[in-house]
Amino acid sequence: MLVVYEKSDHVATITLNRPEAFNAISPEVYQEFSDTMIRFRDDPDVWVAIITGAGQKAFSAGADIKQMLPRLADKSFALPPGIMRGLNIWKPIIAAINGLALGGGLEIVLACDIRIAAENARFGTPEVSLGLIPGWGGTQRLPRMLPWCKAAEILLMGKPIDAQEAYRIGLINKVVAPAELMSTAQEWAARICENGPIAIRAAKEAMIRGMNMSLDDGLRLEESFFAGLTTTEDFKEGISAFAEKRKPQYKGE
Ligand code: CAA
């Protein structure tokens with residue numbers, strides 16, 4: 001399997017599994033990744049996903065230069081929807097970055113909400129060195145997420161930055177020793193799962209939709225989500241648990 005899907009305690013772990021090629025994304029990997037993310041989206045038992053790469057060297061070195069890039073040049077070749085473009089998933093996604101995240105690999109990271117990196121991780125968009133630009137959201141998400149000059153440094157220099165620099169500029173949430181990467185990502189996922197899952201999805205959807213709205217429209221959107229959440233069983237459970245001084249037992253209803 002080129003993409004592995006495992007689940008436990010409401011958390012799916014999704015592993016890009018082509019370590020011999022730095023988890024580069026061939027058309028087959030892309031298709032399986034798309035199918036796997038749709039499976040995660042539609043799995044009612046799963047509330048959070050962790051995406052990582054197989055092996056010690058790479059999260060992903062991006063689109064497969066030999067197998068994918070020539071196909072992308074063919075106008076009749078269409079990719080399935082992905083989290084980078086075309087597939088909205090309101091459940092939270094954590095990237096556990098275990099090494100290089102280059103090109104399309106970094107663009108997968110940018111489509112994740114929380115980003116935990118091992119000390120050996122590096123981040124970059126080398127596409128310009130191939131006479132290309134990023135094609136899965138890099139030119140759009142980086143300047144929205146970083147100060148302009150840091151986004152420009154990554155996109156125009158084409159040279160990777162290390163994990164500490166990525167942390168310093170706010171591209172990632174945390175840097176840990178490689179041996180602690182998955183346990184840290186699982187701790188963050190478990191912490192998210194302690195909250196009401198419908199509220200978590202509403203918060204993410206409001207964040208993403210609101211990014212493309214005026215503040216006034218965004219505040220109206222938030223108001224409508226807020227009103228909807230007050231009718232859920234989870235909300236009743238949340239306030240009962242607070243009053244009874246116990247942990248809430250959320251069901252996602
Ligand atoms: N595509 C296809 N194969 C890749 C690959 C990629 N993106 N990255 C690595 N590989 C393969 C290599 O071809 C090589 O395979 P073979 O053993 O069969 O020759 C194997 O992985 C090991 O690679 P190297 O021998 O190059 O190992 P290294 O340690 O010297 O370098 C590397 C590793 C820094 C990742 C280097 O391979 C590299 O720079 N890769 C390309 C990274 C890149 O340019 N990514 C952007 C792709 S374009 C893109 O992603 C566009 C987009 O936005 C959608």
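1. Basis of the values. The model is predicted, and local features need pLDDT of at least 70, side-chain atom pairs count only at pLDDT 80 or more, and totals for chains, interfaces and linings use all residues. Residues are numbered from 1 along each chain as its sequence is written, and side-chain values use heavy atoms, with hydrogens and water left out.

2. The shell around the ligand. There are 22 residues around the ligand, and Ala61, Ile65, Gly104, Glu107 and Glu127 come nearest; a residue is near a molecule or strand if one of its heavy atoms lies within 4 Å of it. By class, the shell holds 13 nonpolar, four polar and five charged residues. Here Ala, Val, Leu, Ile, Met, Phe, Trp, Tyr, Cys and Pro count as nonpolar, Asp, Glu, Lys and Arg as charged, and the others, Gly among them, as polar. Strand 6 (100-102) and helix 3 (104-110) each supply at least two residues of this shell. Helices (H or I, at least four residues) and strands (E, at least two) are DSSP runs, numbered from the N terminus.

3. Polar atoms at the ligand. An N or O atom in the side chain of Lys66 is 2.9 Å from an oxygen atom of the ligand. The backbone also takes part: a polar backbone atom of Gly104 is 2.8 Å from a ligand oxygen atom, and a backbone N or O atom of Gly135 lies 2.9 Å from an oxygen atom of the ligand. The protein covers 62% of the 970 Å² of accessible area that the ligand has on its own. Accessible areas come from the Shrake-Rupley method with a 1.4 Å probe; for residues, only the protein chains shown count as cover.

4. Thr52. This residue is found in strand 3 (residues 48-53). Thr52 counts as buried because its relative accessibility is 6%; buried means under 20% relative accessible area, exposed over 50%, and partly exposed in between (1.4 Å probe, protein chains only). The side chain of Thr52 makes a polar contact with the side chain of Asn98 (3.4 Å). A polar contact is a pair of N or O atoms within 3.5 Å; within protein, one must be able to donate a hydrogen and the other to accept it, and residues adjacent in sequence count only if both atoms are side-chain atoms.

5. Ala118. Strand 7 contains Ala118, which counts as buried at 1% relative accessibility. Ala118 and Ile97 are 21 residues apart along the chain, and their C-alpha atoms are separated by 6.1 Å.

6. Helix 7. What span should the 13 residues of helix 7 (residues 181-193) have? At 1.5 Å a residue they should span 18 Å, and the end C-alpha atoms are 18 Å apart, which agrees. The expected span is 1.5 Å times one less than the number of residues. The buried residues of helix 7 are Leu181, Thr184, Ala185, Ala189, Ile192 and Cys193.

7. Helix 1. The 16 residues of helix 1 (residues 27-42) should span 22 Å, and the end C-alpha atoms are 23 Å apart, which agrees. Among the buried residues of helix 1 are Tyr30, Phe33 and Phe40.

8. Asp9 is exposed, with a relative accessible area of 67%, whereas His10 is partly exposed, at 34%.
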